[in-house]
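Okay, everyone, thanks for coming. Let me put the model up, and then we'll walk through some rings and the ligand site.

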Amino acid sequence: MASSVSGFSKKTKEEKILWLVENYLNNDPSAFDMLKRYWNPDVKLQKLHDDFIENTLTNYYLPFGIAPNFLINDTLFALPMVVEESSVVAAASNAAKFWLERGGFKAEIISTEKNGQVHLNFFGNESDLTTFFTEVKPKLIESISSLQKNMKERGGGLLDIQLINSTAALEGYYQIHCTFETMNAMGANFINSCLENIANTFETEAESFSAFKNTDHYPEVVLSILSNYAPNCLARAEVHCKISELDQLAIDGATFAHKFVRAVEIAQIEIRRAVTHNKGIMNGIDALVLATGNDFRAVEAGAHAYAAKDGNYKSLTHAKVEGDEFYFWIEIPLALGTVGGLTSLHPLVKLALRILQNPGAKELMQIVAVAGLAQNFAAIRSLVTTGIQKGHMKMHLLNILNQLEATSEEKEKAVFHFKENTVSHSAVAVFVKELRS
Ligand code: MEV
């Protein structure tokens with residue numbers, strides 16, 4: 001049975017691995033070797049990665065790929081993507097090529113406001129709290145003046161601060177709702193520091209406010225944190241073309257457009273389809289968000305909440321046919337940064353940003369929205385025509401061959417054979433077995 005451990009984080013990396021192997025991996029020496037095999041031989045580079053988190057043992061590789069030919073607002077981009085799913089980059093590249101020949105993507109920023117809250121308990125008289133908030137508001141703003149200095153110089157900072165009465169939903173619950181502009185930073189640290197200063201000042205000042213003293217009801221801070229729901233930090237991306245330009249080998253443009261719009265309509269009203277539809281969008285978005293060192297969990301959480309903003313969970317993309325034109329677009333909250341955090345630390349993140357021509361946060365938001373739209377286009381295009389499995393399994397073929405430990409020669413033969421044949425795990429296994437017998 002494994003034993004508990006104290007002072008684990010103080011152990012060296014090797015000691016930590018030994019402890020793990022001893023306690024959870026049956027003292028298997030190959031487990032030790034495996035973890036060490038992924039260390040980077042460049043000691044300084046490895047140390048940089050070790051320091052990102054606590055208790056680092058090794059590195060975990062994901063492929064870093066590129067999807068070229070993205071024409072966005074008349075500029076050509078190659079999108080760096082970090083993702084494990086075999087067909088994602090191929091699908092993005094396909095969609096990029098498709099729209100390159102049809103005018104490319106148009107993207108714009110709708111808004112860039114972030115927000116955070118100090119969540120409060122207060123069981124006294126509402127008017128006392130309102131009076132106190134009005135009085136203390138200048139002090140709350142003053143309490144973050146040094147924190148805001150640099151951000152203000154860059155054109156950002158606190159935009160507004162309001163007291164919100166949420167007692168109808170939860171007895172005694174109020175919020176200090178703050179909005180921020182964080183320019184090229186994602187801004188989580190900045191916002192959280194501001195909120196904690198505001199919360200401290202609020203609580204301290206409340207102690208000497210006479211109305212509270214008289215009633216013995218003081219506001220109490222429960223917690224202070226930014227919100228990953230950023231419905232006012234929105235990017236929009238669109239493609240459109242003549243229906244006749246959608247003619248493809250196996251399907252005419254009008255039929256394709258009709259089925260495509262229907263597929264999006266289904267994802268607007270049926271949650272079971274909407275979740276998978278949006279997952280496909282996030283395939284592209286997360287890959288780019290990861291490559292650029294942004295917080296994909298924040299983007300995921302915010303995107304799905306936005307998809308449910310009207311009370312029902314819906315598709316994040318929209319499509320229509322108007323006259324003889326086909327339109328397809330996305331509107332999505334994207335709280336992204338191109339400075340701070342991993343963006344200035346991780347060498348591959350820096351490179352990814354260079355590949356994107358060192359965008360500011362607004363440009364990155366537009367590019368990421370395009371990646372989501374392109375990924376969704378590729379998925380729906382396959383779904384309403386050939387089905388997803390044909391392309392997916394073709395891309396998965398090499399993974400199956402690697403699982404079967406195929407040699408280079410076997411792989412070459414298999415790739416040739418499966419150009420004309422349906423890929424499945426068993427079909428590939430039979431093919432390799434026959435090659436070997
Ligand atoms: C697979 O990762 C993503 C899709 O399921 C998305 C979709 O169904 O729209 C293909």
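So, over the ring of which residue does the charged end of Lys320 sit? That's Tyr327, with the charge 5.2 Å from the ring centre. By "over a ring" I mean NZ of Lys or CZ of Arg within 6 Å of the ring centre and within 35 degrees of the ring normal.

Quick housekeeping. This is a predicted model, where local features need pLDDT of at least 70 and side-chain atom pairs 80 or more, while totals for chains, interfaces and linings use all residues. Numbering runs from 1 along each chain as its sequence is written, and side-chain values use heavy atoms, with hydrogens and water left out.

Phe98 is in helix H4 and Phe377 in helix H13, so the pair ties together parts 279 residues apart in sequence. Helices here are DSSP runs, H or I, of at least four residues. Both Phe98 and Phe377 are buried, meaning under 20% relative accessible area with a 1.4 Å probe, protein chains only.

On to the ligand. Glu85 puts a polar side-chain atom 2.6 Å from a ligand oxygen, Arg273 has a side-chain N or O atom 2.8 Å from one, and for Asn283 the distance is 2.9 Å.

Terms used
Helix = DSSP H or I, 4+ residues; strand = E, 2+ residues; numbered from the N terminus. Buried < 20%, exposed > 50% of the residue type's maximum accessible area, 1.4 Å probe, protein only. Polar contact = N/O pair within 3.5 Å; in protein donor to acceptor, adjacent residues only side chain to side chain.
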